[in-house]
Each structure stands twice: as C-alpha cells, then as structure tokens.
Amino acid sequence: MRGGEAIIQSLKNMGVKTIFGYPGGQTIPFYDMLYDSDMEHILVRHEQCAAHAADGYARASGNVGVCLATSGPGATNLVTGIATAYMDSSPIVAITGQVPTHLIGNDAFQEADIIGITMPITKHNFQPKNPDLIPSVIKSAFEISASGRPGPIVIDVPKEVQEGELSNFDDSLIETPGYNPTTKGNIRQIKKACNLIKEAKKPMILAGAGVIISGACGELRKLVYTINAPVMTSLLGKGAIDETDDLSLGMLGMHGRKVSNDYINESDLLIAIGIRFSDRTTGKLDSFAPNTKIIHIDIDPAEIGKNVGVDLPIVGDARNVLSSLNNTLNGHVVSNDVTKWADMLKEKKQELYPRVTYSDVPLKPQTVIKEIAEVLTPDSILTTDVGQNQMWAAHFFETQKPRKFISSGGLGTMGFGLPSAIGAKVACPEDPVVSINGDGGFLMVCQELATIREYDLPVITAVFENRTLGMVYQWQSLLYDGRHSQTLLGNSPDFVKLAESFGINVSRITKPGETKEVLSKAIKDNESILLDIVIDSQEALPMLPPGAGINEMIGEYKLEKDVI
C-alpha cells in the first residue's frame, strides 16, 4: 500500500464517504490513486469552497468534514475556510499536498509553509514525512478534531510520502500530551448551580453552539421546563431550542430580538451554556448583565471569564453537565416569582415580536424570509452568507431543530452560504437545503453553481439583490452620515443569465407571494434553482451601535401595516 492509498483507506476507516477538493501538482499521486477508489470526491471550483463545503457537511451531520487541496496557493486558498471552522468550533480535516521533503524550506515552486500559516487557526497540525505514519496521523486527526471543543486539523503530506510504500498499516493513536478535555462537570459546582437556581426569582438561559455540538438539546429543554426559565440563543445557538416554543425569546445581541436585549439586564441569574460571550452577543461589556449572577458552562476553560466575569464556572461537556444538573434538580418546585417572571416575558415576546408586511414593493427582505419559512419544514436546512441577509434570516426564520441553521458566526465569512449548502446537501440528501445570500457574497463564490450542476445537487440558492454591500452600506448610512464609500455594486451581472449559463434553473422574484410559489415547486420537484430576489435597497436592520449597551438598540421596522 502506498501513502495515497493509505490516506484513502484511513478516511474510509473513519467513516468518510465524501471529500471536497481541487487537484494540483503536489496531489497528483493521491488523485491517481483516487481514480481506482470508490471514495466520492466533489470537485469544487475554488479551494476555499472545498473548506466551506466540508464545514457545512460537518455542521449538518455532526461528523468530521474533509477537504483537499494542493500545495502553495491551493493550500492558502483553504485558509479562510479553516479559520471559519476554527472560530465556530466546526470539525474539519484539511489535507494538503506539499513539495517533496528535500525541497521544503527552499522556496520551491508552489511551496508555502501551510503548517506555520495555519497554526493559529487549527487545533493541531501534522506533516507526516514517512508513509507509515499516515494511518496514525489520520486517525489521530479525527480524534482531536471531533473531541472536546471541535475544530479544524491540517495534514500536510509531501509528494513523495503520497507515493512511498508502507511497511505496515498501523493506525494507533498518536499520544498528545497535555490534551485531555474535561467532559464531566465538577459535582460540587453543579450542586452550587442548583442552589443559585433555587434562589433565583428571574432566571434566564443563554444557549450557544456548544449545546448543539454536544447533542444537549434534549437536556436543555428538560432544564428549561424544570426551572421555567426563558431561553435566548446566540446566532450559532439557533435550533438549540425550538424557537416557536413560548419560552424561546430568540437571538440575543447586536441584531438580536428586542425582548432578549431589553430584559437580560433585569434577570437575577443567567445560565450560559456552550457560549463564548462574543462582542456581537454582549454589546458593551460594562453594561452587560451588571447585576446578574452568571453560571457559565463550557468545555473550553479558556472561554470562562475571558470576556464576561462569572460567579460560578462549570467546565465540562454541555450534555454531561446538563444531565447531572437535571438529575440534581429532580423534584424542583418553581416559585411564584419565577412563574410571574416567565409569564411576563412570554407576553413581552408577543408584544415586541418583529412585524412584517406582505404587500410592499420593492420587497422587504423580512417578507421574503417569512415566505421561505412558511414553505420549509422543521427538517429543512437553511444556510446563510454574511451580512444583512444573514441577520434577516436569523431574526425572522424560526429554527425548530438543531443543525438546521448554518452560518458563519465568529469570522463572518462572505461567500460561506453557497458552498456550505453544498456540503449540507451532501450530508443530508433527504432534507431540503436553501442558501440565503446577499448579492455581494454570492458573487465571490457564484462559480459553485457549476458544482451544483455537475453533481445534480438540488440546492436552492436565494440571492437577495439590492446592488449594495448591505451591512456596510447600513453602517455608513447610520453612523457615517450616509457617505457610501465603495458599497454600491452597480455593475453587477444579470443573475438570471448567469444562472442560465451554468445550466441552473432560475426565477426572478419581484412581487409578494412569488418566493413561496417558486420555492414550493422547487422542493416538490427536488430541483436546484436560483431565486434572484429583488429587495428594497434602503431596508435596514435594528442594531446595537459599536460601544452601545445590550439594551440600546437603534432603528426599527417602520411599516404601514403590521402583520405578525
């Protein structure tokens, strides 16, 4: 067995059925061996999209996603996708080709130190210089990537290592001294948490992506109803609890739901689970829950106390900790004070619910999101790009199940939406997949329509066309006196003709009701289609200005006719 064949066999041993990649000079040996393999390979049209597709695959399935690129520019094109996965704790393994070992460090053609470049944005990196190491390296990479707080791994394989013969196939795990994630919470801390919960009169829960990653949504729901605590989520926590539930208040943060932002500072206990308290979630730190006791549950001890001071830290896997917490709270009786608090927030949720008009032309983006929501089932997957389109989707699309809302949170990567939808569709072929994109982000990766067509993937691509870089345009309007510097996309292509050139079905949407009609047919017919949706370029999102407190939002949806 040669090195390339060992890579393929090792990936199969880890349960991998599909990899996303793009060949080049230093990966020719691997691709030659792949030619005789039954491993599925999706040929993307840009290496960055291979990383995003692997990321989308991982987020939708919960399994490690795999991408592949050649050395030098191929490897560096993966970097944005790797950083995206790192920031959002998504488990991917990126395999790169490298120049032969005797040329490493000589500035050889298409040589780049991808190990050094990616060190700050990966959990761990490997560069096997002997074919015998490949099975162990790949098995260890998967173990590290998926365990603890998940994240990306780079495996950089020199060309002659791909070609070399193995003396034996040994996939023993490589020892990783110092890496031993704490998964079970300290029982004394859990008992202290129970006491704080029993003393609280106005408890709230803030759920992050860690709840979904650990598979703790059932445990979260049990806790919510045991203590009768309203729940907010981060952007990536959407789906941790059914957002149609009365106790779900929606997203917290810069573009969060008003009820969440307005009332978090009135709570006397905040239970934060699997969340890192990013600046987009908290607003100004000095005015974030200043009088609230905070319990922070997270598997990564580095996140506890990093941004927000906490009263009670619990390090451990969210599912394990919540399970123990629920067991300890068995028989808990909810006080009248807590019931009054929860009932009040349920009323405020309805009172402050964002309103939508269904009749305006040009179309309001929130109207389009609501039409999409009316068509999709709870099992449908929605991916988003980054910017206004992302926040409209987060704000108005109520996610009912975990791993059904996929978005770039920490890095905020434009161009993420479409390739991540490709990965999600490969992971979950039976679930409808809709990708929400702004026209700016879509233009960065529109070549992936060729991938969708080539592999006959029924991905539905919605492009919100407002001919602006919407989020930056909005900031310029609100904070920079309307000085719109380089945010107008005047000479954009005709998206209908663009889609047709790739052989993709397409429909231009300009009127209320058309999105719902076209989307329903596309899902029924199980076909790929691009929806070119022309929206109001002046529509803006309510937001927290930089430096503002969590309850100091500006802007509101001004509509002549309010309809929930």
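Is Arg403 buried, partly exposed or exposed, and what is its relative accessible area? In this predicted model, Arg403 has a relative accessible area of 22%. The buried class covers values under 20% and the exposed class those over 50%, so Arg403 counts as partly exposed. To find Arg403, go to the loop between helix H17 (388–396) and strand E14 (405–406). The backbone deserves a look there: Arg403 isn't a glycine, yet its phi is positive, near 65°.

Most residues other than glycine have a negative phi, and most peptide bonds are trans.

Now hop over to Asn228, another non-glycine residue with a positive phi, this one about 60°. Asn228 sits in the loop that links helix H11 (217–227) with strand E8 (231–233). Its relative accessible area is 14%, so Asn228 counts as buried.

Next comes a peptide bond. Val361 and Pro362 are joined in the cis form, with omega at about 0°. You'll find Pro362 in the loop between helix H15 (336–351) and helix H16 (365–375).

Last stop: the surface. Tyr86, Met87 and Leu411 make up a nonpolar patch there, and together they have about 230 Å² of accessible area. Of these residues, Met87 belongs to helix H5, which spans residues 79–87. With 30% relative accessibility, Met87 is classed as partly exposed.

Notes: Residues numbered from 1 in each chain as written. Predicted model: local features only at pLDDT ≥ 70, side-chain atom pairs only at ≥ 80, totals over all residues. Heavy atoms only, no water. Patch = residues over 30% accessible without salt bridge, like charges linked within 9 Å, V, L, I, M, F, W, Y side chains within 5 Å. Areas by Shrake-Rupley, 256 points an atom, 1.4 Å probe, with all protein chains shown as cover. Salt bridge = Lys/Arg side-chain N within 4 Å of Asp/Glu carboxyl O. Helix = DSSP H or I, 4+ residues; strand = E, 2+ residues; numbered from the N terminus. Buried < 20%, exposed > 50% of the residue type's maximum accessible area, 1.4 Å probe, protein only.
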